[in-house]
Amino acid sequence: MCFHPTLHNKFSIDPPLMEATLPELPLDILMDIFTLLEIPDLVRAGSVCPSWCSAYTSLCNLGQYKQSQTPCLLYTCETDSESDARLYNLVEKRSYKLTLPEPPIRSRYLIGSSNGWLVTADDRSEMHLLNPITMEQIALPSVITLQSVAPILDETGAVYKYNFWTRATHPPRTFALDELRRYLHRKAFVFYDTSAERYIVVLIHNPRGQLSFAWIGDNKWTWLPPDRYFHDCVYKDDLLYAVAGQGEIFAFNLRGPIVTEKLIVDVAKDYIWENIYIVQAPCGDLLQVWRLEAENGYGGDVDNATYENHTGKIDIFKVDTTAEKLVKINSLVDHVLVLGLNQSLCLSTEEYPQLKANRVYFTDDHQLYLFGHKNNRRDIGLFDLKNNSIEELVSPQLWSNWPPPIWITPALTELCPTKVPPYPTPASTSQFYYPASLRAAYIFFCITIISAYLISWCSIL
């Protein structure tokens with residue numbers, strides 16, 4: 001795996017090198033330790049001294065870094081350049097500046113986040129995957145391969161506008177290149193299919209919240225019927241589960257030559273009002289979540305410049321696939337939800353102790369509000385399910401209101417990984433041998449030392 005040369009600088013705080021005071025550990029032991037660090041600490045550790053850098057590089061190049069990461073909030077600031085974004089780390093409660101590749105991040109629409117990758121739409125409404133940590137970027141199939149979009153060409157044969165069909169029986173609407181994304185894209189996801197051993201991108205788009213998908217490497221999008229105003233998706237057991245506006249859940253098998261579908265839960269309510277999410281709990285259960293905005297008088301005498309949208313209520317249901325119904329639950333107990341334009345997440349506070357139990361971490365994803373009030377304050381915070389109250393994530397607000405902030409779980413994953421030979425034991429450390437129990441104790445001891453060192457390093461700030 002190759003990284004942008006400034007990757008270390010993103011999380012660096014420029015302490016003096018202290019190699020002489022650090023324990024000289026075998027490379028394989030260092031790599032075992034580094035697999036337990038979150039990405040900011042991993043990157044900082046890799047810049048401490050040559051031996052730690054070697055362990056960091058080997059770990060990343062061999063694809064052995066699998067440590068679960070706490071979600072971060074990616075956002076932009078008015079005081080930064082057009083290509084800069086910031087990453088607010090919930091563990092450290094601090095932000096890092098990231099300089100991202102062209103096109104400028106502030107000129108893009110952020111339409112999704114999954115597995116450490118952003119899905120963006122540029123000023124031609126074309127979509128890209130972007131990993132803000134590794135700086136890798138992948139172009140997705142053109143929007144003109146979507147069923148409802150057709151190009152309009154100028155005299156040179158270049159695309160200069162789009163026709164967009166909102167209804168099959170109506171004439172198309174014509175949009176400039178940078179206008180289509182406002183009306184077309186709704187939410188996008190990057191999933192890994194373990195059976196196919198490939199990544200797939202799923203797009204919810206207009207008209208009517210349709211679904212289309214493309215495997216990484218495809219040159220066109222494949223449309224998925226039916227039209228059901230889909231809101232959210234999750235990938236479970238190599239099936240795509242999609243929830244629609246009235247609570248219906250469909251399961252799609254996308255791997256064969258013919259896509260198959262199955263209705264898992266039928267209509268659960270008579271109206272489309274809430275934002276609806278589908279998420280897999282750590283135990284494997286599926287949850288359906290309804291998020292309703294607070295009553296605020298929108299549509300009356302409202303000042304559009306100061307109007308604010310707020311989350312007012314969140315209802316959570318367990319999906320009973322056997323009975324084909326939803327069962328309401330009143331508490332997440334020791335779990336949290338992470339909702340927004342990201343892939344919806346359910347996390348255990350035992351695994352992520354920095355997160356507050358029985359809370360919903362949310363960002364703004366109300367489509368009409370986002371695009372109709374680009375400069376207005378975003379709806380971001382923590383919803384306490386016990387008392388139906390909202391806590392601020394951080395105060396004062398750190399972020400610009402556009403593009404809207406989005407949750408992302410940092411990752412060093414390549415979407416098209418190459419096969420590499422098994423990691424060999426370095427000759428220089430072959431004389432070290434540790435029984436399993438002693439090795440575990442030794443690693444724990446070293447983690448304690450390294451953690452203390454990194455904490456003291458951060459205290460320099």
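Is Met135 buried or exposed, and what is its relative accessible area?

A: Met135 is buried, with a relative accessible area of 12%. Here buried means a relative accessible area under 20%, exposed means over 50%, and partly exposed covers the range in between, computed with a 1.4 Å probe and with protein chains only. The model is a predicted one, in which local features need pLDDT of at least 70 and side-chain atom pairs count only at pLDDT 80 or more, while totals for chains, interfaces and linings use all residues. Residues are numbered from 1 along each chain as its sequence is written, and side-chain values use heavy atoms, with hydrogens and water left out.

Met135 is found in the loop between β6 (127-130) and β7 (137-139). Strands such as these are DSSP runs of type E with at least two residues, helices are runs of type H or I with at least four, and both are numbered from the N terminus. The backbone of Met135 has a positive phi of about 75°, although the residue is not a glycine. Asn358 also has a positive phi, of about 60°, and is likewise not a glycine. Asn358 is found in the loop between β24 and β25, and at 10% relative accessibility Asn358 counts as buried.

Gln354 is placed in the loop between β24 (345-348) and β25 (359-362). At 35% relative accessibility, Gln354 counts as partly exposed. If residues up to four places away in sequence are not counted, Gln354 touches Thr70, Leu90, Val91 and Tyr361, where a contact means heavy atoms within 4.5 Å. Thr70 lies 284 residues from Gln354 along the chain, yet the C-alpha atoms of the two are separated by 8.4 Å.

Other loops contain cis peptide bonds. Another joins Trp402 and Pro403, with omega about -10°, and Pro403 is found in the loop between β27 (389-391) and β28 (406-408).

Charged side chains come next. Side chains of opposite charge can pair when their charged atoms come close. A salt bridge is counted when a side-chain nitrogen of Lys or Arg is within 4 Å of a carboxyl oxygen of Asp or Glu, and by this rule the count comes to 20 salt bridges. One of them joins Asp80 and Arg86, whose closest N and O atoms are 2.7 Å apart. Asp80 is buried at 8% relative accessible area, whereas Arg86 is partly exposed at 21%. Another is formed by Arg228 and Glu248, with 3.4 Å from N to O. This pair links distant parts of the chain, 20 residues apart: Arg228 is in the loop between β14 (222-224) and β15 (230-236), and Glu248 is in the loop between β16 (239-244) and β17 (249-253). Arg228 is partly exposed at 32%, while Glu248 counts as buried at 3%. The side chains of Asp315 and Lys313 also meet in a salt bridge, at 3.7 Å from N to O. Asp315 is buried at 12%, and Lys313 is partly exposed at 42%. Salt bridges that share partners also join Lys356, Arg359, Asp384 and Glu391 into one network.

Helices pack as well. The axes of α3 (residues 39-46) and α4 (residues 50-61) come within 7 Å and cross at roughly 130°. Axes are lines fitted to C-alpha atoms, for helices over the stretch in contact, and the angles run from 0 to 180 degrees between N-to-C directions. Angles under 35 degrees count as roughly parallel, over 145 as roughly antiparallel, 65 to 115 as roughly perpendicular, and the rest as oblique. Helices α3 and α4 are therefore oblique to each other. Their contact is made by Leu42, Val43, Ala45 and Gly46 of α3 and by Trp52, Cys53, Tyr56 and Leu59 of α4.

Finally, the setting as a whole may be described. The protein has seven helices and 28 strands. Buried residues make up 51% of its 461 residues.
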